[in-house]
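Look at the sequence and the structure first, then read the points below.

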Amino acid sequence: FSASAQVKQEPKAVPLPETTPVKPGTVRKNSIGMELVWVPPGDFMMGSTEAEVRAALLDCRRHRSYSCGDQWGANETPRRKITFAEGFWIGRFEVTQGEWQSVMGDNPSYFRDCGARCPVESISWEDVRSFLTRLNAQDKQFEYQLPSEAEWEYAARAGTTTTFAFGNELDPAKANFQGTQDLDFSTTPWKTLPVVGKTVAVGSFAPNAWGLCDMHGNVWEWVRDIYNPGYAGLPTDGKPNLTAGDPAYRVVRGGAWDIEVALYARSAHRVRWKSGFRMNNTGFRLVASAR
């Protein structure tokens, strides 16, 4: 499978400027070749309104998906304003198998035959901590961390307020996910669209407005936050939630190659997984600050 027809011209990596960059989408390569994109300071409305939750629930039931209980989507509320006083660097792509190999010396991925440019997967939240320790010890340009939920959603939306960064519909021509062929989610007939059934190389699909790829689909992405079943009382400055909830459970975002319908890849959608889980549909990307 190749989705190269959907890929826009890639921005060129440039040297790190002397001062903080102000243009969204500025790209910098680190010591292992990982591309980092500059996300500007600003604010956005995180989560979903009650009306959006109801619409998502109806969509879930309309597509005969599992786990469509009355509380489905309620963890995306209350919707609230998040303000970033400063911008940040974030991985243009999910961390790849090749990048993991260069830092850790192994490759735990189930889809190793996919290649070095495919996202690393089958790694737990705890495994990511080990990767961060090694990368931070060897790289002198940046300090790395998992993104907070707020950083992740802000970057995924890239200034949009729609369901996805590409509008209110998503199909397998725009992201890698497992469309069930008897469902009619979008205006494009499912039977004319390829279903891959595995991960694909990062950057196989067009980026969002800030130059980030695969924020929807391919692999779920670990974030730093402890899972809390709602946003009430959580930080509004973009920082992660590190106190409320059970620390054994962390959040994953973005959907994956095996989700049955696109609604699980919505910008606002969030899922609770145990930090020790290793699945072949789960990877991560990083945020960074200049040292």
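Predicted model: local features only at pLDDT ≥ 70, side-chain atom pairs only at ≥ 80, totals over all residues.

Ser124 sits in the loop between α2 (97–104) and α3 (125–138). Its relative accessibility is 1%, so Ser124 counts as buried, the cut-off being under 20%.

**Helix α2**

- In α2, the buried residues are Gln97, Glu99, Trp100, Val103 and Met104.
- Viewed down the axis of α2, these residues fall within an arc of 160°, so they line one face of the helix.
- An α-helix has 3.6 residues a turn, so residues three or four places apart point the same way.
- The buried residues of α2 pack against α3.
- Gly105 follows α2 and has a positive phi, near 80°.

**Salt bridges**

- The whole structure has 12 salt bridges.
- One of them joins Asp43 and Lys81, with the closest N and O atoms 3.8 Å apart.
- Asp43 lies in strand β3 (residues 42–46) and Lys81 in strand β4 (residues 80–84), 38 residues apart.
- Asp43 has 43% relative accessibility and so counts as partly exposed; Lys81, at 47%, also counts as partly exposed.
- Arg266 and Glu76 form another salt bridge, with the closest N and O atoms 2.6 Å apart, and both residues are buried.

**A salt-bridge network**

- Arg253 and Glu153 meet in a salt bridge of 2.9 Å, N to O.
- This pair links strand β8, which holds Arg253, with helix α4 (residues 149–157), which holds Glu153, 100 residues apart.
- Both Arg253 and Glu153 are buried.
- Through shared partners, salt bridges join Glu149, Glu153, Arg157, Arg253 and Arg270 into one network.

Definitions and conventions:
Residues numbered from 1 in each chain as written. Heavy atoms only, no water. Helix = DSSP H or I, 4+ residues; strand = E, 2+ residues; numbered from the N terminus. Buried < 20%, exposed > 50% of the residue type's maximum accessible area, 1.4 Å probe, protein only. Arc of directions from axis to C-beta. Contact = heavy atoms within 4.5 Å. Salt bridge = Lys/Arg side-chain N within 4 Å of Asp/Glu carboxyl O.
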